[in-house]
Amino acid sequence: MKKMFFRPQRAKFSYCFGLLFLCTFLLLPNLFAQNNRTVSGVITDVKKVPLQGVSVVIKGSARGASTDQNGKFVLSEVPANGVLVVSYTGMNPQEVSITNKTAIVVIMAEGVNTLNEVVMVGYGTRQKRDVTGAVAQVKATQLENENPQSIQDVLRGNVPGLSVTSSPNAKGGGNLLVRGRASINAGTSPLIVVDGVIYPGDLSDINPNDIATVDVLKDASSAAVFGAKAASGVILVTTKKGNGSKPTITFNTNVGLAKLAMDEPLYDGPGFVSWRTAALNSINANARPFQYDDPRKLPADISEAQWKAYDNSNPTGDAVDIWLNRLRMFSIEKDNYKLGRSTNWYDMMFQTGLRNDHTVSISGKKEDVSYYMSANHTLNEGFIVGDKFSTFRIRINLEAKAAKFMSVGLNLQFADRDESQVPVSWQQMVNASPYGQKFRPDGVTLRDSPNDDIGNNTNPFLDNTYQNRLQKSNTLFGSIYLKGNLPFGFSYQTNFTPNFEFFKFFNGRSAKDFRVSVRRGVATRRDQSTFNWQVDNLLMWNGSVGEHRMDATVLVNAEKFQQWNTQMENEGFDPNDNLSYHNIGAGIKPVISSNDERSTGDALMARFNYSFRDRYLLTTSVRRDGYSAFGLQNPRATFPSIGVGWVFSKEKFARAEWLGYGKLRASWGINGNRDIGRYSALSDLSTGKYQFITPSGQVILVSQLFVNRLQNSGLKWERTESYNLGLDYSILKDRISGSIDAYRRSTRDLLINRLLPDVTGFTNVLTNLGEVQNKGIEVSISTLNMKRQHFTWRSTLNFTMNRNQIKKLYGPTPDYDATGKVIGQSDKNDVANRWFIGQDIDVIWDLRVLGIWQQNEAAEAAKFGVRPGDFKIEDLNKDGKFSDADRQFLGYRNPRSQWTFRNDFTFNNFDFSFMLYSNLGQKEEFNQAKNNLGFVDRQNSYQFPFWTPENPINDYARLSSNNGSANFNVYRSTSFVRLSTVAVSYSLPPSLLTRANIQSLKLYLNVNNLAVYQPNWNFWDAEFRNNPPGDRTVVPPPRYFTFGINLTL
Amino acid sequence: MEKIKKYIAGTALITLAIGMGIGCKKAYLEPQPLSFYEPSATYTTVAAMRAALAACARNLRFEYYGGNPPILTEMLFTEIAVEGTTDKAGPAQDLNLLITPDLVEFNNDDRNKIYVYWDEGYKGIKYANTVISRIDNVTYASPAERNAILGAAYFHRALRYYKLTHQFGDVPAIMKEITAPSLEFYSTKREVILNKIKLDLDSALLWTSDAVNRGEVTKGAVAHLLTKVNLALGNFDAAITAANSVINGGTYSLMKSTFGSAAPPTTVMPGTRTPVPLPRNVIWDLHRPENKSVAANREGLLMIISRFGDGQFNTGMTIMRQAVPFWGSNISSPTGKKGTNDNINPEFIQSNLYGRGIGRTRPSDYAQYDIWNDPNDLRHIPGNWMKMEDILYNDMGLKTSGDPWYLKNLQLRNVNGGLICTDTIRSWFGWPHYKLFVPDFENSPMQGGHTDWYLFRLAETYLLRAEAYFWKGDVASAAADINEIRIRANCAPISPSAVNIGTILDERARELFFEETRKTELTRMSYLFAKTGKAAENGKVYTLARFSDENYLYDRVMDKNNFYKKGVVTNYGAKYTISPYHVLWPIPTRSINGNSNGRINQNKGYTGFENNVPPLEAIP
């Protein structure tokens, strides 16, 4: 790096230009003094409570002040005919003319109109009023009562066009997806920007209590300033800043409970026995009547002797013993059955977890220094036994005015994240016999298997008990900046953004766990450190001529990523493994490995905004990006955009009483996606070890080498071109406001793992091919339904619909007729990957399930090799065999539409809110309906219906059903409506608090995931997955109850 | 003054920051791999070429190691075994139902491994082609060094094609390293590929040596494979010549007396829990893990090496899990109680002696009874061969209830002759303990740990030469070769008049269980019957034109494998079926679909055959 600093500067023109500009203006003193005066004032809400931190800005300038804890401000050098713009989060902004006034009183009203809000647009802010792209903002402060535990919680349901999945773990979180899946193989996570700089870290390291606002840039035009990384949308997080001369100290402390939100019961002891009976009857095609039934309840026409003779059992043997043996029970199961003693594994897997989240912050502004500091500790227990998450987070935001033309600042974030938890293997509860036991007879040692059947079921507590794990991440993310105003409307900013991550994963599997006992313990130590940095240099200008307003931004950026990973594993610890991973050298089979990575990138960006009479708006930008992953041939790419807006409500012809505001927006732009492996374009060699034996009998290790990946030096950026049409409106005196957006996004040069014929020895090659299109609409309506003196009711309704379609794949290839003659060309589907031109990426293409073969269809079923009770699959081409020719489009995995309905009520000092959201039209695999997963003759089961001759249902198969020759899945709709949050809070009246020198004190209570309605799904909660979209395993859902106190001094 | 300082500081800072931006020239964006090797810079030394060959050698392991090893799929298409997993749908039992191009896409332990043979076969070809295409990018100490490396690569490629052409028939012939995406492959005629690999092996035979480490390609292995390829081509004299070079070369010989220092076979007397040693014998010693690759052992031509300490198949071979009966379940004592326990908690941990089997590889009656017609056969004597009756009732429930059957020998039937094992397919059969017993120090209960494995063994060379003599009509020489094997195993010799393909197959079944790729060999023989028009021992004459409709393999399986012959139905209700077209496996749908600009032909009898185009008549 050092070398780079002092490299001889054979600079391109643009760089020199920038440098010259900056230097010139830095060295010019501010020559322009003005003949003005000082204005002071008080700003309160309608209840006359002083508002702290209200922004008061002189219109047409960047100068302003903010109010102290008494709601007071003082502003010097205000022009005689100046206008002050007063704005505050959640309130309607006002413009106050101060002709001849030196003291003003402003009462601010809560607003639903979001048009005046200041939104982040990337490398700057704009008033929503002036924005030409599709930008949505969430104010985290308004969600305080709901106590969001992560950024995902802040965003979930609150932004049309953004889907946020849910996680069941104590850590929380979820995946983010903006406007549908646009890429097939590259990443689809939006770019995260924190306080103006790109954030490469883990979202859980950002304390949601520190967040002021989150802005989501959805269209190409608004995201284009982030060019190459913006194709999946951009999420801009703004943290809190200090203001007010007296330090404000805030405590936000809450405790909560995590509980299992939904029951999915297993069979208890007696239920298990009758289920096993039914299972064995179904498995054994030639079962004799009542062969597997309780011999004490045989019908009159079957004697016990006859029953015993079925399998030549000892005629003098104990009938119950014989029966339990037929049911394949192990000794311990039989003993416990006879004693009537069973184990409820289900209840042992789940707990009421305690959650703690405490944040203290102090903020303020003293003369030329503003500060915000916070410390947070979160300690969550999950509802699954053993699941935990804890983190300690600190944030320091400082800004000091170093000179009239220069402020320096620092935004620093540190997190110490502990993910050492090893939860119980709750999935094993299905395998565990209810007549098994957790402990050996000594009452303290875990059994290897609940019923001594280790081949099939292991004790769910093994991992939890015998794994000793330390998994910690320490992250330090900071942004050091320098900014200031220059004469002639210029301003500048320079950011240096380092990010450090230190990750440890140490794991010891104790030799007490029978699975590794003969290996005498297995341990791993992995250390990984990451250092990446970015530098942004920004030069901005704004000015106006008459009614023409303009601003421009120029950016020069560079970045570098470096990571070092070291791992060692060992086993066979001698004399014992009591030291676990702490003495990794004590083993006999060391394996060491390392992986280091490096990438570099740079960017140039220019943006220009223009508006005329605040009525006609234009935004245009261009960005040129470089990235080393494409460095072989295409290191750089250019991403342009343009957006226009028309505030038609300002036109004479549109002036109507009911129309408060109306703006039409249109934008176009191209964004890039580079979210692939750093070395994906390069061919690499796989290494490993093999062994030879020398003639003297000695084992020697030899290295093997083979080509693992085909090189593609032409690899380049994926490009998403989008069009967006939008309408922002506010009608009936701001009673109703919102926006409507329609978009079309075409992603070309998809970074796609193109399947290669396996005869090449390669599975696929990463290449740029094809086109995927997403189009959709997003509607947002905010209403002020009722406004009385003591009561207000506001609602927000968001609706999103996205349609995804593969337009092209690999380009035209020849078509042949039956004789092998070329008869034309066409682009072919990629059937092997289930990608079809004209269909959704996530379309389901499979054999169609028609129902269950019934008793009277036995002969027909036999033609397909199955029998009554098995699934009946449509043989589309009637050839008696199942192949691709029988596969059909059966639906979609992604929601066809989503809506959110949020209501906020205020009654005196009480606030109450609830949110409903819904995903509609998506389907998911439900192979549980086959009743043949796992070993049905050796385990327990969830209580699903099953087909029997006496219960001839048509949607669930018989126990241990046969799939025959059909390779199929059963699908069910996972449409749902969820009551996701209900929150109530009480703020103590200011009159009570002022005496105690308390600014505000609020108590709140909320419930998360209170209820769900999923009419067609009955296996846990279809929305909760461990790690979507890759892992689609449905997992138990959590419910959280939280009580909190928010105190501001 | 103070102000000026600040100005200077500010200017310096900004200049610095912008300077960093200027530093970003094109070189700045060059990708720099740090932790992996890059091909063109790496395949430039002899060491790298040897490492590429090590990849070929390591790839051989996939066939015998891991869960449901592919070798079982080779076995279950023949007369010696079937898939024995009887408690669910999916395992390859009803072959007519389950062997479809659509269903062979899985590398799924509950199904079959046809796709694994295809996929790993072409991976092996890729590894070998890397060496062959880059052979002259390297400077060698001598031409001999170059040729030895090239010869080994030719061997590895030929071995894969030999199997692929007998498993799948006509397949794409890729003889060069692939360095750019290509989706235009066509099937090449089987004979064309065989002729090409014969030429390659002829060269390799001149270039390779036997003075190499175990695990590396030997001259003996090249000659052995060349014998097979020559047989497949109908060049019987060339096959005999190739076999002679191994048998008479002086390096290899059959092991005829005990050797090594492995522990002897054992037995457990009823009522006791301690194994008692039995006398050592050559068959036992020949298959002990500690003896397979020792210098004293002169029988192994090509070894697969797997010892504790290497990265792949970390927990061993698991052969005992795959091929030992599921003796811990379905077996009741005559008193009607659970009889056996294959876990590690009973007092008598019987799984330490035999492993915890799951009965996946179920031998046919042919393999476990019919071929054992010589009472002195060492391969079937107690201690070497296990019968179910040698196992003892060991479930602790028997002991705690004072049951008299505790630690008594298993019984298949009760006093009245009624069956008391509820699943004799999966849980009741005999097995060659001398081959399957591989002590396991990494799994508990034992599944079959680390051991080397014979890929080619001299005993098979004798049987291949016997076959060549038979095809030529020289039954006396054929009998002599077969008798080399029989006499070593303490059997009575057979007379020349008894020699036919059937008796050669019988001897192969006795000698090469879990070693030979039996379906490949049967298909090769079926081709030869069809090609030569020679009548088989069943009296039938076959033709190439109707190969997928009538062939020797199918008739032999239906004659000898009681499961397919009788259409046995498992407890689950699956029926064992097979058809003549199974002589060639289906090409996986995935492989045909992935080749969108060409056409890989499907075999007759499977969906998609109708889309075939004529196969290539030359190597592309």
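Figure 1. Arg457(B) is buried, with a relative accessible area of 1%; buried denotes under 20% relative accessible area, exposed over 50%, and partly exposed the range in between (1.4 Å probe, protein chains only). Salt bridges that share partners join a set of residues into one network, including Glu79(B), Lys228(B), Glu460(B), Arg518(B) and Arg556(B). The model is predicted: local features require pLDDT of at least 70 and side-chain atom pairs pLDDT 80 or more, whereas totals for chains, interfaces and linings use all residues. Residues are numbered from 1 along each chain as its sequence is written, chains are lettered from A and ligands numbered from 1 in the order in which they are written, and side-chain values use heavy atoms, without hydrogens and water. The side chain of Arg457(B) meets that of Glu515(B) in a salt bridge (2.9 Å, N to O), defined as a side-chain nitrogen of Lys or Arg within 4 Å of a carboxyl oxygen of Asp or Glu. The two residues are 58 apart in the chain, Arg457(B) lying in strand E10 (residues 453–457) and Glu515(B) in the loop between helices H20 (501–511) and H21 (518–532). Glu515(B) is likewise buried, at 5% relative accessible area.

**Figure 2. Helix H18 of chain B.** H18(B) comprises residues 458–472 and reaches 21 Å from its first C-alpha to its last, close to the 21 Å expected for its 15 residues. That expectation is 1.5 Å times one less than the number of residues; helices (H or I, at least four residues) and strands (E, at least two) are DSSP runs numbered from the N terminus. Of the 15 residues, 14 are buried. Gly473(B), just after the helix, takes a positive phi of about 95°.

**Figure 3. Arg887(A) at the contact between the chains.** Arg887(A) forms a salt bridge with Asp102(B), with the closest N and O atoms 3.0 Å apart. Within chain A, the side chain of Arg887(A) also meets that of Asp884(A) in a salt bridge (2.6 Å, N to O). Arg887(A) is buried at 6% relative accessible area, and Asp884(A) counts as buried at 17%. Three salt bridges are counted between chain A and chain B.

**Figure 4. The salt bridge of Glu874(A) and Arg848(A).** The side chains of these residues meet at 3.5 Å, N to O. Glu874(A) lies in the loop between strands E40 (871–873) and E41 (888–892), and Arg848(A) in the loop between strands E38 (843–846) and E39 (849–852), 26 residues apart. Glu874(A) is buried at 19% relative accessible area, whereas Arg848(A) is partly exposed at 33%.
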